[in-house]
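Subject: Structure handover

Hello,

Here is the structure I said I would pass on. Please have a look at it first, then read my notes below.

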Amino acid sequence: MTILILLGISFLAAVVLAFVGDRKIAPEINIIGSAATFAAGAALAVQVYIYGPMLAGGKIFFVDAFNVYLAVLTSFVSMTTAMFSRRYMRREREHGRVGHWGMRFYHAMFQLFIFAMLLALLTNNIGVLWIAMELATLSTVLLVSLYRTPTAIEAAWKYFILCGVGIALALFGTVLLYFAAEKVLGEGGEALLWTNLNQVKDKLEPTVLSLAFVFLMVGYGTKVGLVPLHNWLPDAHSEGPTPISAVLSGLLLNIALYALVRCKVLVDGATGTHQAGHIMMGFGLLSILVAAFSLLRQKDIKRMFAYSSIEHMGIATFAFGLGGPIATFGALLHMLVHSLTKSSIFFTAGHASQMHDTQEMDKIRGLIKGNPLVGWGMMFGVMAIVGMPPFGVFTSEFLILTATIKDAPFLTPLLLIGLGVAFAALFRRVQPMVGGEIPANQHQLKAAHVPVIMHMVLVLIIGLYMPNFLAEWFNTAVGLLK
């Protein structure tokens, strides 16, 4: 019942906002709907924590320690993003960047996007997972093109084409997975259920599963933003509204990686080898290195942080591929702290762009003096995302690096190079923006500080002290992903 409530709130909010449109109460409805979704997600997490994994709606939905933690994270970040977008989008409306129909569209599609991500996480059916991923793609394609500028439309088309090709390959991989499963489970919907597949994974045809994972890796890897199919991500982040950049980077990439990890568990069980892990490690390490060096040549603030997202999803993918308790624990933690930190950074980057009427980093200066909370929020966000202690990203990267030294020492220098270059590149670009004197063209604005503070406090707390319940939660999830 709680799962249906969780999904129903965001869907109902999307319908209501489609009719409410551009009225003054629309942002408040968006916030209330997102907060109610978070409350339902937290209630579901408590149930799983007490009673363990469960099925719902017959066998349509299922929830365990892995996907419910991502559901809570998704609902929380969507709530804080809705809070941020209230002031951010109001200013965009006042300055004529978004019209009446654009605001109606933005709020409705925002909630539909949240619904699609939660459906992808909570469904027990690999076919419904694919449909939900496609729905998330379509809703965000329309949001990326919200400003209707030539560059925004071009970015949306690139996003649509590349992710369309990727999701088609993922569909072929899903068909191959069903082909192997129906020989064991019989024809029909039973062969599409995660819970059934997991029970018979050692009986599935290994050759077919290995081929299926290649297509799933390329397909869902496109949505994760892994190199070489990453080109849509910087354009979509730089041209779409900042709240959408925050949820794309902080949430959607996690959902696609979730699908890959679930598939890896099946392939590992069928083949009895680490073949799928090696593929993930290769894509992950390549993404880390390419994204780290790409950071050095960026001029647009949102494109730069988009490449940072590619790097960090590469880190998580590499860690899941490496496997083992320490690496998997580190990957789960990294997904959490990256989502909180990166969405916070995009909040401050959006306000910095509004203050200077540009996203070009060379023209953004004096943030700390002009608006201390925006300036310091960006500075602390960058300190966190590059892995400086005592923030949570340092903890997750330290765990992943430790596991790499133990299980794949020959890859450690490459991982360190990627982390080091990204560290230097981000500090090199951000320090001039937050420091210096206030330029003449800088505007004053009422920034949405609460979401930034909430995210950074959580990342700091996780870095200093991880609550026992969270550690137990991750350990349970690690056990599920063996």
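His 107 lies in helix H4 (residues 100-122). Helices here are DSSP runs of H or I with at least four residues, strands are runs of E with at least two, and both are numbered from the N terminus. At 3% relative accessibility, His 107 counts as buried. Buried means under 20% relative accessible area, exposed means over 50%, and partly exposed is in between, with a 1.4 Å probe and protein chains only. Beyond the residues up to four places away in sequence, His 107 touches Leu 17, Gly 21, Ala 26, Pro 27 and Asn 30. A contact means heavy atoms within 4.5 Å.

Before going on, a word on the source. This is a predicted model, where local features need pLDDT of at least 70 and side-chain atom pairs count only at pLDDT 80 or more, while totals for chains, interfaces and linings use all residues. Residues are numbered from 1 along each chain as its sequence is written, and side-chain values use heavy atoms, with hydrogens and water left out.

Now the whole protein. It has 19 helices and two strands. Its radius of gyration is 21 Å, close to the 23 Å that the globule rule gives for 482 residues, so the protein is as compact as a globular protein of that length. That radius is taken over C-alpha atoms, and the rule is 2.2 Å times the number of residues to the power 0.38. Along the principal axes, the C-alpha atoms fill a box of roughly 70 × 55 × 45 Å. Of the 482 residues, 62% are buried. Take the contacts with a separation of 6 or more: 81% of them are between residues 24 or more positions apart.

The accessible surface comes to about 17300 Å², and 69% of that belongs to carbon and sulfur atoms. Accessible areas come from the Shrake-Rupley method with a 1.4 Å probe; for residues, only the protein chains shown count as cover. The protein has 31 positive and 24 negative charges, and their mean positions are 6 Å apart. Lys and Arg count as positive, Asp and Glu as negative; His and the chain ends are not counted. Each charge is placed at NZ of Lys, CZ of Arg, CG of Asp or CD of Glu.

Next, helix H15 (residues 372-385). Its 14 residues reach 19 Å from the first C-alpha to the last, close to the 20 Å expected at 1.5 Å a residue. The expected span is 1.5 Å times one less than the number of residues. In H15, 10 of the 14 residues are buried, so the helix is largely enclosed by the rest of the structure. Among them are Val 374, Met 378, Val 382 and Ile 385. What covers the buried residues includes helices H12 (301-322), H13 (325-356), H14 (367-370), H16 (392-407), H17 (412-434) and H18 (449-464). After H15 comes Gly 387, with a positive phi near 90 degrees.

His 312 lies in H12. His 312 is buried, at a relative accessible area of 1%. Setting aside residues up to four places away in sequence, His 312 touches His 334, His 338, Lys 342, Ile 385, Val 393 and Glu 397. His 312 and Glu 397 are 85 residues apart along the chain, with 9.7 Å between their C-alpha atoms. Gln 431 lies in H17. Gln 431 is partly exposed, at 47%. Its C-alpha is 9.7 Å from that of Val 382, 49 residues away along the chain.

Helix H9 (residues 232-239) is mostly covered too: seven of its eight residues are buried. They include Trp 232, Asp 235 and His 237. The buried residues of H9 pack against H5 (126-144), H6, H8 (206-224), H10 (242-271), H12 and H13.

Thr 174 lies in H6 (residues 150-185). At 8% relative accessibility, Thr 174 is buried. Leaving aside neighbours within four places in sequence, Thr 174 is in contact with Ile 126, Leu 216 and Tyr 220.

Last, Phe 76 in helix H3 (residues 65-94). Phe 76 is buried, at 11%. Phe 76 touches Phe 38, Leu 340, Met 454, His 455 and Leu 458, not counting residues up to four places away in sequence. Phe 38 is 38 residues from Phe 76 in sequence, but 5.5 Å away in space, C-alpha to C-alpha.

Best wishes
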